[in-house]
Amino acid sequence: MLIMNRDDVTAMIKEDWGDSPQSHICNLVFQYLLSRKKAKHITYHRFKVLVGVNYLDEQILEAINYLCGSRVNLLSAKFEFIDGERVFPVEVGDVKEADSSGELVHPETGELVKNYKEKVSIYFEPTDLARRL
Amino acid sequence: MEIHGDLTISDLEKAGLFNKYVAGFIERLKVETYDDFISRLYKDIDEIIIDIQSGARYLQNPDNKKEDRITMEIVRLLRRSGYDASHDTDHRGHSDLHVKSGLTGEDFIWLGEAKIHNSYDYLWEGFNQLTTRYSTGDFNQAEGGMLIYIFRKNTASVMSKWKEHLQTKYPEDLQIEDCQRRSLSFYSSLCHEASGLPFRVRHMPLILYFNPQD
């Protein structure tokens, strides 16, 4: 089904998740995105604050995973390497290379970072589709 | 577990230990190639198969829509994982399962045929539809799958006979390969008639026999 408008998104979420907690989370995030179309850096923590304390991390993550997927594709996920106060964007290819070698190449110093999984964070931005709706 | 502050790769991996659908999240974000897509998709389908098999006792009643209902459940669970999955989509005909992923700007497609095992000729019909009607065999749809719903005893024997049946139909061209992830599944490869490229099919049984003796 091609998404033409906001109602299509709401209908898809309902069809796929029914009245589950993930459905409520998806709708809350969707409404948030509609009000923040120019946002470029939304953290997971922001979503947690948005949905409140009544939901588990795994429910929020399932919903965010769904919104990042091809089915509704409202969110795009990005990686960044956090080194103290400094933040560097990281490409998917860099993360895959690190997965193979066990070390991430520091984007600035070129040094090898072993515990990169604790230093590479994921943030989100609305997709072109979310901005158009 | 509870995540505080930024969401790191480590946080996601830990969360995945408690929820198999979350477990695939990080890998789905890293899909760049068709091979990445297929590798993740098969892991997700295997998880879904395990879920459906665990509910086999609810699927025993006679129902002429059973094949479609099981396939729809697979579609629903694939969608929850983020796939653009559909049943009966018109793609050079109406394939049972159409899965698309297009996050990198290219549409990666996987097509599946789903059949309740009644006879090997019935499975053969589905295999033929998959390989000669629905798929183009192009680089972005180089693989497909047979989902075989087995309500009879001894799934391993059914799969072994199905493999022999395929080899009889293609005595020279067909390559068979074991599945390393799940021993009951196997792969077949042959040259796709339309594209002239190799087309690989994963043959996946669902163990749905249920006859407790207690």
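Here is a short tour of a two-chain model, stop by stop.

Before you click anything, know that this is a predicted model: local features need pLDDT of at least 70, side-chain atom pairs count only at pLDDT 80 or more, and totals for chains, interfaces and linings use all residues. Residues are numbered from 1 along each chain as its sequence is written, while chains are lettered from A and ligands numbered from 1 in the order in which they are written.

**Stop 1: where the chains meet**

Colour by chain and look at the contact, which takes 25 residues from chain A and 32 residues from chain B. Two residues are in contact if their C-beta atoms, placed from the backbone, lie within 7 Å. On the chain A side, the largest share, seven residues, comes from H4(A). Helices (H or I, at least four residues) and strands (E, at least two) are DSSP runs, numbered from the N terminus.

**Stop 2: a strand pair across the chains**

Now select S6(A) and strand S1 (residues 7-8) of chain B: they run antiparallel, joined by two bridges. Strands pair if DSSP finds at least two bridges between them. Pick out Ser121(A), and you'll find Thr8(B) of S1(B) opposite.

**Stop 3: a helix with a buried face**

Move on to helix H1 (residues 9-16) of chain B, where Ile9(B), Asp11(B), Leu12(B) and Ala15(B) are buried. Buried means that 20 or more other C-beta atoms lie within 10 Å of the residue's own, exposed means 12 or fewer, and partly exposed is in between, with C-beta atoms placed from the backbone. Look down the axis of H1(B): its buried residues fall within an arc of 160 degrees, so they line one face of the helix. That arc is taken from the directions from the helix axis to the C-beta atoms. Their cover includes H4 and S6 of chain A.

**Stop 4: the largest core**

Select Cys26(A), Val29(A), Ala63(A), Ile64(A), Leu67(A) and Val120(A), the residues with the most contacts inside the largest nonpolar core, which has 43 residues. Such a core is a set of buried Ala, Val, Leu, Ile, Met, Phe, Trp, Tyr and Cys residues joined through C-beta atoms within 7 Å. H4(A) gives the largest share of this core, seven residues.

**Stop 5: two asparagines**

Finish with Asn73(A), in the loop between H4 and S2 of chain A. Its phi is near 45 degrees, a positive value in a residue other than glycine. Asn73(A) counts as buried, with 21 C-beta neighbours inside 10 Å. Then find Asn154(B), whose phi is near 60 degrees, also positive; with 12 C-beta neighbours inside 10 Å, Asn154(B) counts as exposed.
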